Amino acid sequence: MNQRIQSIQAMEILDSRGNPTVRARITLNDGCTASASVPSGASTGENEALELRDGDSSRYGGKGVLKAVDHINTEIGPKLIGMDPTRQAEIDGFMLNLDGTPFKKKLGANAILGVSMAVAAVAAKSVNLPLYSYLGGVGSFTLPVPMLNIINGGEHADNSVDLQEFMVMPTGAPNFTEALRYGAETFHALKKILKAKGYATSVGDEGGFAPNLKSNEEACEVIVEAIQAAGYKPGEQICIAIDAAASSFSGDGHYNLAKSGQGQKSGEEMIALYKNWCGKYPIISIEDPMDEHDWNGFSTITKELGEKIQIVGDDLFVTNKDFVKKGIEKGAANAVLIKLNQIGTVTETVETINLCRKAGWNYIVSHRSGETEDTFIADFTVAMGGGQIKTGSASRSERIAKYNRLMEIELELGEAAVFGR
């Protein structure tokens with residue numbers, strides 16, 4: 001087989017928030033074609049690779065991506081013509097050299113990632129393999145536990161909750177399809193409970209509810225109530241995961257819980273708060289519990305809680321292997337959130353995952369708040385075998401698309417499928 005890239009074309013599309021993003025389409029000389037769409041984050045770490053925006057206030061409030069599209073169409077695309085799409089690392093490396101900056105500031109991570117993902121998708125299609133099997137080989141049989149974001153706060157909601165996400169993890173389900181059912185039923189039970197309490201039941205960017213609760217802790221209370229109302233056992237069949245996104249409410253060495261009216265807390269007080277919650281509620285994972293610059297705080301909470309629960313770094317690591325290396329040395333977490341667009345290529349993402357594997361750390365492939373209908377991360381999660389995925393609540397079709405794709409994969413794998421707990 002002698003597949004070669006024949007053409008690469010990019011266009012500006014809209015994401016789930018109505019903001020522009022990049023879609024790249026690749027066609028091979030055998031006529032095979034595939035596309036990939038790039039997501040966009042709202043709560044972003046300051047060391048993420050650059051998402052290139054036009055800055056033209058007359059279009060989409062300055063958020064247009066025509067520059068990134070043009071970089072694909074005129075700079076990246078023409079130079080990749082004739083290359084073998086199955087040589088992912090070679091193509092990704094070529095684009096990194098073409099950009100030549102540490103954070104992809106010349107071409108834009110959104111331009112580079114769109115092409116990188118499309119290369120993987122078209123290569124899989126050309127060799128007649130599902131994307132998960134192409135990327136992961138014979139070891140691609142682990143379906144992830146979904147982390148369903150059912151209550152939003154922080155930068156994801158205009159409400160009284162400081163912490164960004166409260167999620168359910170159906171760890172006690174026998175397979176992915178049943179886990180999704182557990183989560184969806186809990187989501188619907190929560191809606192009824194919130195409505196009965198007089199809270200709003202509209203959903204935010206990632207499909208979770210954003211009620212004005214009386215406190216941050218009430219989020220845990222109503223989720224436990226919803227798990228029970230749906231007929232499940234908290235801590236046995238369904239557990240709770242939190243994304244604090246602490247950088248969004250930190251400053252001057254303190255954590256300001258202003259939205260809930262709880263005032264300022266020191267790092268030590270925040271750790272005490274988390275420890276208290278973990279003793280009262282079935283919490284098994286906390287993401288970004290401390291500010292992204294507070295490496296010592298991360299090390300402390302990992303030392304104190306890391307044997308019992310998962311301490312996840314997102315803004316701390318931004319899927320960058322250099323930061324993950326530092327985290328491993330400092331014992332600053334025991335898990336990494338993996339977002340393709342934080343680093344900008346498929347190859348670099350895999351390198352970061354390999355570091356996690358060597359360290360014995362968990363890794364969780366994640367969506368962004370600005371998503372598309374692209375299901376790449378569903379296949380990517382199975383290919384990488386991490387056993388967990390974070391891709392939103394049980395509502396909004398750009399989130400559900402990933403869950404539906406995972407159910408398809410589980411069906412395809414049949415008896416070979418393993419549910420990663």
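Select α10 (340-343) and α12 (376-384): each of these helices supplies at least two residues of the lining of the largest cavity. Helices here are DSSP runs of H or I with at least four residues, and strands are runs of E with at least two, numbered from the N terminus. The model is predicted, so local features need pLDDT of at least 70 and side-chain atom pairs pLDDT 80 or more, while totals for chains, interfaces and linings use all residues. Residues are numbered from 1 along each chain as its sequence is written, and side-chain values use heavy atoms, without hydrogens and water.

Next, select P39, M117, L340, E371 and I377, which lie nearest the centre of the largest cavity among its 15 lining residues. A cavity is a set of points on a 1 Å grid over the protein atoms alone where a 1.4 Å probe fits but cannot get out; lining residues have an atom within 4 Å of a point. The space in the largest cavity is about 110 Å³, a volume being the space filled by probe spheres set on the points, which are joined across faces, edges and corners. Four cavities of 30 Å³ or more are counted.

Then display the whole protein chain, which has 13 helices and 15 strands. Along the principal axes, its C-alpha atoms fill a box of roughly 60 × 50 × 45 Å. Finally, colour the protein chain by burial: of its 421 residues, 59% are buried, that is, under 20% relative accessible area with a 1.4 Å probe, protein chains only.

Note on methods: 1 Å grid on protein atoms, 1.4 Å probe; cavity = no way out; pocket = protein on both sides within 12 Å on 5 of 7 lines; lining within 4 Å. Buried < 20%, exposed > 50% of the residue type's maximum accessible area, 1.4 Å probe, protein only.
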